[in-house]
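Colleague: I'd like to learn how to read a few features of a model like this one. Could you take me through them one at a time?

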Amino acid sequence: MLELVAPNPESDEYKLIGRATQIAFLTEDILAKFEEWRKRGVRFHHEPQERSWGAMSTTFEDVDGNSFTLLAFEEMTREVEAQRRAHADRWESERRAALELEMAKQTQARLLPQMPPSLKTLDCKGVCLQARQVGGDYYDFLDLGRERLGLVIGDVSGKGTAAALLMANLQAHLRNLCATYWNRPFTPFALEQPARFLQTVNRLFYENTTDNTFATLFFAEYDDSTQKLRYANCGHPPALLLRNDSNVERLDATCTVLGLSTGWQCAIGERRLVPGDALTLYTDGVTESFNDAGEEFGEQRLIEALRQHCELSPEALLASLTEDVRQFSPHQQHDDLTLVVAKCRGN
């Protein structure tokens, strides 16, 4: 549809009414189009005529006397058709890419825990909000057997599809090795299991990735019977343990990031949770979200938000924390936001 709208009578555009517009309508079959439009009442100046440069054309007017050209030019028609095909191919390629990304997004979402773990003394919940369709953030709840749970949060270097593939690689190593290191009879090496487990994860991740690829990771083993937490922070932002008296303990890094070398050593930290304590794990997309003034949300704002909403359930607490971050940083999300909250309720 093409609509001609009369300009303001006082404007310069109004003075152009009744003149040649320099606008040409290109058609593949000028004789058929001429007959079709003439039967509809279009006023043509003459029948289509062949031009010296190989085209056929005629001119017509609208009710205001504006003159237009109807043109058939084989070379130009071929060029327009080629552009049309190129546009159609480009649109189809973009459609397929968008469909593949949507499928990748759904697949990655299925890799995250679909149900929270069932424990007597701990309520857990996690959320991952990707900045793109897919990303490199990851969290998990691993069944370690004998009333023990693995709490995991990680952030793979890079963004987009490449980071998502690396994240899936890291998750596969973590899940596959659980059976090897935990689901077996108790041995004297049990106290060393978190470190030995992560050393193997690091080696496999290193062997299956390119140079300079790494991941930050926080891994914790929680014993539901003793409420003891053993953890390793592999270059990840410090976990925040909000005690029931509102004091906060930072669970800082105990070793370097995963994936940069095979000669990797890991230290293990330990805490015991009591009813009312809340453990919060997060990725740097939370604390590094920034507002219009360039200020980061930061760890201190996160701690204040935890204290303010500490009485909420893990699910409600996560919703409040993500809302606080989004209100602070309302513009387009630049990094993945991932949070895990575990609240101790006691037996």
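Predicted model: local features only at pLDDT ≥ 70, side-chain atom pairs only at ≥ 80, totals over all residues.

Colleague: Then over how many bridges do S11 and S12 pair?

Modeller: Strand S11, residues 239-242, pairs with S12 over 4 bridges, in the antiparallel sense.

Colleague: What is the order of the strands in the open sheet?

Modeller: Reading across, the order is S6-S15-S14-S11-S12, which makes an open sheet of 5 strands with antiparallel pairing. Strand S6 (122-129) and strand S12 (248-251) each have a single partner strand, so one side of each is left without a neighbour in the sheet. On average, neighbouring strands here are turned by 15° against each other, direction ignored.

Colleague: Which helices lie across these strands?

Modeller: For helices, the angle is taken between N-to-C directions and can run from 0 to 180 degrees. Helix H6 (residues 298-308) lies across S11, S12 and strand S14 (278-282), and its angle to S11 is about 30°. Helix H7 (residues 314-328) lies across S6 and strand S15 (337-344), running at about 145° to S15.

Colleague: Let's turn to aromatic rings. How many aromatic pairs does a search of the whole structure find?

Modeller: The search gives 12 aromatic pairs. To classify one, look at the angle between the ring planes: over 60 degrees counts as edge-to-face. Tryptophan 37 and phenylalanine 60 have ring centres 5.5 Å apart and planes at 80°, so this pair is edge-to-face. The two are 23 residues apart and link distant parts of the chain, with tryptophan 37 in helix H1 (residues 30-39) and phenylalanine 60 in strand S4 (residues 56-61).

Colleague: And the pockets: what volume does the largest pocket have, and which residues are closest to its centre?

Modeller: The largest pocket holds about 320 Å³ of space. It is lined by 15 residues, and Leu4, Val5, Pro7, Ile17 and Asn66 are the closest to its centre. By class, that lining has 10 nonpolar, 2 polar and 3 charged residues.

Colleague: What lines the second largest pocket?

Modeller: That pocket has a volume of about 270 Å³. Its lining comprises 13 residues, with Leu4, Phe60, Glu61, Asp62 and Phe68 nearest the centre. Sorted by class, the lining has 8 nonpolar, 1 polar and 4 charged residues.

Definitions and conventions. Residues numbered from 1 in each chain as written. Heavy atoms only, no water. 1 Å grid on protein atoms, 1.4 Å probe; cavity = no way out; pocket = protein on both sides within 12 Å on 5 of 7 lines; lining within 4 Å. Points joined across faces, edges and corners; volume = space filled by probe spheres on them. Nonpolar A, V, L, I, M, F, W, Y, C, P; charged D, E, K, R; others polar. Pairing = 2+ DSSP bridges. Contact = heavy atoms within 4.5 Å. Phe/Tyr/Trp six-rings, centres within 6.5 Å; stacked < 30°, edge-to-face > 60°.
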